[in-house]
Amino acid sequence: MNEISAPSIEYGLLSPMLIVFGVAVAGVLVEAFVPHRARHSTQFGLAVAGLVAAFVAVVSLAGTSRSAVLGAVVIDGPALFLQGAILLTSILAVGLIAQRHPAVAETVPAAARARSSVDAFAPEPSVPPGSAAERAAAGRGATTTEVFPLAMFAVGGMMLFPASDDLLSMFVALEVLSLPLYLLCGLARHRRLLSQEAALKYFLLGAFSSAFFLYGMALLYGYAGTVRLSGIAAAVAGGSGDDTLALIGVALLAVGLLFKVGAVPFQSWIPDVYQGAPTPVTAFMASATKIAAFGALLRVFYVAVPGLSANWQLVLGAVAVLTMVVASVVAVTQRDVKRMLAYSSVAHVGFVLTGLVAANHAGVASTMFYLLAYGISTVGAFAIVGLVRDRSGEAGDLSAWAGLGRRSPVVAAAFALFLLAFAGIPLTSGFVSKFAVFGAAIEGGAAPLVVVGVVCSAIAAYFYVRVIVLMFFTEAHDDTATVVAPGAVTGVVVAVSALVTVVLGIVPQPVLDLADRAAGFFQ
């Protein structure tokens, strides 16, 4: 009798993801067995150690270009570069998740205030917002430490997403990264109902986008007879079926992926979720999730259907134009800082799509560099947002930021640096990023996209500079927000983000070369 042998799994190739998932499982055990008073520090130390170890494992695999798990996962240059970027931004975001700040709400008794608002998350998510049970939990200093294993599960899914070499594993990665984020979005300490509404919107719309992805996967399987990306590419190159079926399948896949990055017209969830979610979770989603989702987009369009590039370049080009124009114009009208940054994030999706539409080697390299640079600056910007408070919590309205530069010049200067990077001002990472993707687009024959991108960058510069003028050239008033003294972790996160933003703007060539070498490994 023939024996059926178990599939060979090369654990060394999967070590970065296995470390992250192992830490996530260990975090669950910590929740079950470690005393409550020691959980926060234990979870934080475990998460940071796991992320750093996973990053070291990614570095050790540099230069690898091999498949694993029967071809379901590929470890190559783009996958490793993007996994490294996800881990770096996640380390910074976990620092924000762990940070504790003093309470500022007047509704909390002075005796309990030092313990009551220890972090950005609800003390006990299972109790109704504003209830006596929640106030009692806040008074005794309860913390929601399960956010750490949830974040680690999400990071694991994000790392698998751009490394997936078939559509089935890509869908599994999509769900693994999404489900923890749905929960994390609803755990805000302040404005709980807004946070829970954001989580519900994200969950419902995310479920619809997953359905589109599944339907597209089914159509491509019907077309090619396989869900392997290389098999789909071979079917397209061989002309073995009706290209219409393949195009519809790719379009449905794109809906699911473009929803994750927040491209227009699939961006409706972005401002509501970014505003309602706890600010550390917003920073996490706006950086790491975008890197993972764009990695999956690169994998699908550059590996599975490069033979249909003449079709998908036109569609993605139109989406990029629509995204840049709509987001830049709507952002001008926003009065809430987090909503403004949300639409700014959508506009940057359009800029990154410009590099993806180039459909060339430079497009891959510039897109990866952009994702890394933007992700780190985004974490720093949201770290600043979490420090600026009024009596009700975080100061969302722009009017509360008037004169902030005179009260807290260092914090305001750091925020101004990140805004200038988003605007693409020279000597910041944002300028180099935009220059790289626009150059790739011109090389790929997408010059009209570059023209639109430059115009939209000018529009975006207006609402960034408006905030800077408000902070430094407007008199403070009674309702001007105050800045919570940043803890050591938040201070490190802001400092590192600012340093990377400047260094990548002044000496970007080593990272650009690294992205260029990584792009050459695409199979």
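Predicted model: local features only at pLDDT ≥ 70, side-chain atom pairs only at ≥ 80, totals over all residues.
**View 1. Helices H1 and H2 pack against each other.** H1 covers residues 15-33 and H2 residues 36-60; their axes lie 8 Å apart at an angle of about 170°. The two helices are therefore roughly antiparallel to each other. On the H1 side, look for residues including Ile19, Val23, Gly27 and Val30, which meet a set in H2 that includes Thr42, Leu46, Gly50 and Ala54. By class, this contact has twelve nonpolar, five polar and two charged residues.

**View 2. Ser433 sits in helix H18.** This helix runs over residues 429-443. Ser433 has a relative accessible area of 2%, so it is buried. Setting aside neighbours within four places in sequence, its contacts are Phe369, Tyr370 and Ala373.

**View 3. Two aromatic pairs involve Phe351 with Phe438 and Phe422 with Tyr464.** The model has 16 aromatic pairs in total. In the pair of Phe351 and Phe438, the ring centres are 6.2 Å apart and the planes stand at 80°, so the arrangement is edge-to-face. Phe351 belongs to helix H14 and Phe438 to helix H18, 87 residues apart. Both are buried, Phe351 at 1% relative accessible area and Phe438 at 10%. For Phe422 and Tyr464, centres 6.1 Å apart and planes at 45° make a tilted pair. This pair ties helix H17 to helix H19, joining parts 42 residues apart in sequence. Phe422 is buried at 4%, and Tyr464 is buried at 1%.

**View 4. Seven aromatic residues form one cluster: Tyr182, Tyr202, Phe203, Phe259, Trp269, Tyr274 and Phe382.**

Technical notes. Residues numbered from 1 in each chain as written. Heavy atoms only, no water. Axes fitted to C-alpha atoms, helices over the stretch in contact; angles between N-to-C directions. Helix = DSSP H or I, 4+ residues; strand = E, 2+ residues; numbered from the N terminus. Parallel < 35°, antiparallel > 145°, perpendicular 65-115°, else oblique. Contact = heavy atoms within 4.5 Å. Nonpolar A, V, L, I, M, F, W, Y, C, P; charged D, E, K, R; others polar. Buried < 20%, exposed > 50% of the residue type's maximum accessible area, 1.4 Å probe, protein only. Phe/Tyr/Trp six-rings, centres within 6.5 Å; stacked < 30°, edge-to-face > 60°.
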